[in-house]
Amino acid sequence: MADIKGRYPFSTADGQAIPLDIIRPNSFIQLDIDDTVPTGSQDCPETVEVMAVVATEDCYIQFAATGATAAAIASGDVIADAAFIPGGVITMICPPIGMKSYSILSLGATGYARVQYLEQWSGLALSSQQTRR
């Protein structure tokens with residue numbers, strides 16, 4: 001998805017291009033989230049390496065090899081293999097290696113989380129991808 005000059009439309013702060021055609025959607029799921037009961041364990045498709053997650057409320061996602069369960073947390077708890085998802089912010093996550101199961105717990109109120117599973121589509125790059133615009 002390059003422009004007519006063969007450049008990608010987005011870039012990082014240091015000028016590295018972010019190609020839009022290196023990923024493709026695999027599937028999508030919407031989960032109801034609650035601050036007292038975590039979602040049931042969900043499994044990412046095997047081919048998925050990246051997930052885009054957005055939720056209506058602050059929440060966290062807990063990964064495990066199988067049967068993930070996001071437990072309530074207390075001040076000072078360190079939660080391994082987990083990621084914070086700010087409400088209303090799209091967060092890109094790469095599940096930890098060997099941990100394709102996940103569960104989500106809201107940190108304040110009920111709402112929903114939407115998870116888009118993404119796959120790598122093409123490893124090809126344009127020559128102008130490597131140069132600053």
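Biologist: What are the ground rules here?

Modeller: This is a predicted model: local features need pLDDT of at least 70, side-chain atom pairs count only at pLDDT 80 or more, and totals for chains, interfaces and linings use all residues. Residues are numbered from 1 along each chain as its sequence is written, and side-chain values use heavy atoms, with hydrogens and water left out.

Biologist: How many helices and strands in the protein?

Modeller: 0 helices and 10 strands. Both are DSSP runs numbered from the N terminus: helices are H or I with at least four residues, strands are E with at least two.

Biologist: What share of the residues is buried?

Modeller: 31% of the 133 residues. Buried means under 20% relative accessible area, exposed over 50%, partly exposed in between (1.4 Å probe, protein chains only).

Biologist: Next, the largest nonpolar core. Which residues touch the most other members?

Modeller: Met51, Ile61, Ile85, Tyr102, Ile104, Val115 and Tyr117, out of 17 residues. Strands 3 (23-33), 5 (50-55), 6 (59-64), 9 (101-106) and 10 (111-120) each supply at least two residues of this core. A nonpolar core is a set of buried Ala, Val, Leu, Ile, Met, Phe, Trp, Tyr and Cys residues joined through side-chain atoms within 4.5 Å.

Biologist: What is Met51 in contact with?

Modeller: Setting aside neighbours within four places in sequence, its contacts include Ile61, Phe63, Tyr102, Val115 and Tyr117.

Biologist: Switch to strand 9. Why is it largely enclosed?

Modeller: Because 6 of its 6 residues are buried. Ser101, Ser103 and Leu105 lie on one side, with Tyr102, Ile104 and Ser106 on the other.

Biologist: Which strands run antiparallel to strand 9?

Modeller: Strand 6 is one, joined to strand 9 by 6 bridges, with Cys59 opposite Ser106. Strand 4 (residues 42-43) also pairs antiparallel with strand 9, over 2 bridges; there Asp43 stands opposite Ser101. Two strands pair if DSSP finds at least two bridges between them.

Biologist: Where does Leu107 lie?

Modeller: In the loop between strand 9 and strand 10. Leu107 has 39% relative accessibility, so it counts as partly exposed.

Biologist: What does Leu107 contact?

Modeller: Beyond neighbours within four places in sequence, Leu107 is in contact with Asp58, Cys59, Tyr60, Ile73 and Phe84. Gly87 is 20 residues from Leu107 in sequence and 9.7 Å away, C-alpha to C-alpha.

Technical notes: Contact = heavy atoms within 4.5 Å.
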